Amino acid sequence: MEEFIIGDCTELLPIKCDFIITDPPYFVRDVIIISRSKNPQKYVYRGRNIEVGLWSWDRFSSEEEYLGFTEKWFSRAVEGLKPNGSIIVFFDRLRQYYLWELGKKYGVETKMDLGYILTNSVPRARKVDYRRNIVSAWWGVKGKASRKEGYIFNYELGQGLGYIFCSNINSFRIHPTEKPIDFLVYQLAYLTKENELVLDP
């Protein structure tokens, strides 16, 4: 049975749950326009210009405001997470240290970084660096990763990898930063049992 609770997660949390996986705002600071029609270096691009960010739900006045927002939802989310339960957060890889610090503050042990490698990443229009094909996520466990105390890692599925290969969504996309279902299914298989409650704030 699917159930959706609509509202501000910082007001609705905490919600008792077995597992958390979420993709909060990354705080993309600027609107970036990639020109594909004219270029001073005389590269030939075809197609319309590409505008990246700034989405209405990703607007913060400063780094301090963004980190305060992150701590607010993180602390309330893990408050409802069962002891020994896992939390996975898609997060800016350059700021993942902040989740490590929040984990220490709120009793969540950092396990490792997870993620996926895109098999169909978008070419770089500006031709000045590599394709962005690695998407990172932070993984932590509330309390200790102890099987005796209820920690779940379904090792019988095999010695899995923290990163898997999968493709990005090309159609039927509802959200601009939607994550591949393959990755979500993979993590749910290893870190949950059947009929457990999964929270995505």
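**Exercise 1. Is Ala-137 buried or exposed, and where does it sit?**

Solution. Start with the cover. Ala-137 is buried, because its relative accessible area is 0%. Buried means under 20% relative accessible area, exposed over 50%, and partly exposed in between (1.4 Å probe, protein chains only). Next, the place: Ala-137 lies in strand 6, residues 134-142. Strands (E, at least two residues) and helices (H or I, at least four) are DSSP runs numbered from the N terminus. This is a predicted model, where local features need pLDDT of at least 70, side-chain atom pairs count only at pLDDT 80 or more, and totals for chains, interfaces and linings use all residues. Residues are numbered from 1 along each chain as its sequence is written, and side-chain values use heavy atoms, with hydrogens and water left out.

**Exercise 2. Which residues does Ala-137 touch, leaving out those up to four places away in sequence?**

Solution. Contact means heavy atoms within 4.5 Å. Among the partners of Ala-137 are Ile-88, Val-89, Phe-90 and Met-112. Now turn to Val-89. Beyond four places in sequence, its contacts include Ala-137, Trp-138 and Leu-99.

**Exercise 3. Which residues touch the most other members of the largest nonpolar core?**

Solution. A nonpolar core is a set of buried Ala, Val, Leu, Ile, Met, Phe, Trp, Tyr and Cys residues joined through side-chain atoms within 4.5 Å. The largest has 22 residues; Ile-20, Phe-74, Ile-87, Val-89, Leu-99 and Trp-138 touch the most other members. Helix 2 gives the most to this core, six residues. A second, separate core has 17 residues, including Ile-88 and Trp-139.
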